[in-house]
Amino acid sequence: MLLGKVAVVSGGARGIGKAIVLELAKLGADVAFNYLASREDADILCHEVEQIGRRCIPYQVDIREYDDVKEMVANISEKLGSIDIVINNAGIIADGALATMSNDMWHNVINTSLNGTFNLTKSTIVSMMKKKTGTIVNIASVSGVVGMSRQTNYSAAKAGIIGFTKALAKEVAAYGIRVNAIAPGFIDTEMVSEDVFSGHRDKIASKRIGQAQEVAELVAFLCSEKSKYLIGDVIRIDGGLTV
């Protein structure tokens, strides 16, 4: 159970982020999350969390902007209490061959996934170190583990998150802070089209697409005392895609 804990989830309004917000709330955490454009989705999600009986605050904040993220974290701490759990989930895709990839396609993906992870973690880590406790879960991808064709930007960003996870885990373990990562495969969200999934179905041992709830439950496990000896791990949840 996470009763009394305060969690922040980046990119929390839809997809995997939404499932994580709801799962943490069900386990007793108060949750804040940022979103970029989906105000209606954010409001609906907060209402669902409040129906569970937990507090929820949405923030329309660009995860790529450090000063804005820092201000959001300060506001969360003031309204909900100091942050115990950080879930770095925000990410976008802009697939294409490197030969024709624009600078914007490269930088937007890197800035959202990798720099966004830095921004939120940097804004919360000192408070966790002072308390000598905290949990950070970074949502990477199998693209960062094995690389995916036409995803040099996304694969680079997610591989960077994996390296970030391992380095930070060693850096802050002595402060009682656990840092781990999850590397999902094809998950049924707006980011994964049926055409994309069908092209890889035969490579997946389970022959099915994953569900956001399955990722959320793994996140919840990594936030619980049941995983207290897991530090710096990267757990793949891909139905056997990378076996």
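Helices (H or I, at least four residues) and strands (E, at least two) are DSSP runs, numbered from the N terminus. Asp-68 lies in helix 3. The model is predicted, so local features need pLDDT of at least 70, side-chain atom pairs count only at pLDDT 80 or more, and totals for chains, interfaces and linings use all residues. Residues are numbered from 1 along each chain as its sequence is written, and side-chain values use heavy atoms, with hydrogens and water left out.

The structure holds 2 aromatic pairs. Rings of Phe, Tyr and Trp (its six-membered ring) pair if their centres lie within 6.5 Å; planes under 30 degrees apart count as stacked, over 60 as edge-to-face and the rest as tilted. The ring centres of Tyr-66 and Phe-118 are 6.4 Å apart, and the planes meet at 35°, so this pair is tilted. Tyr-66 is in helix 3 (residues 66–80) and Phe-118 in helix 4 (residues 103–131). The pair links distant parts of the chain, 52 residues apart. Relative accessible area sets the burial classes: buried is under 20%, exposed over 50%, partly exposed in between (1.4 Å probe, protein chains only). Tyr-66 is partly exposed at 24% relative accessibility. Phe-118 is partly exposed at 42%.

Phe-186 and Phe-197 have ring centres 6.4 Å apart and planes at 65°, so the pair is edge-to-face. Phe-186 lies in the loop between strand 6 (177–184) and helix 7 (194–198), while Phe-197 lies in helix 7. The parts tied together are 11 residues apart in sequence. Phe-186 is buried at 13% relative accessibility. Phe-197 is buried at 3%.

Asp-68 is partly exposed, with a relative accessible area of 37%.
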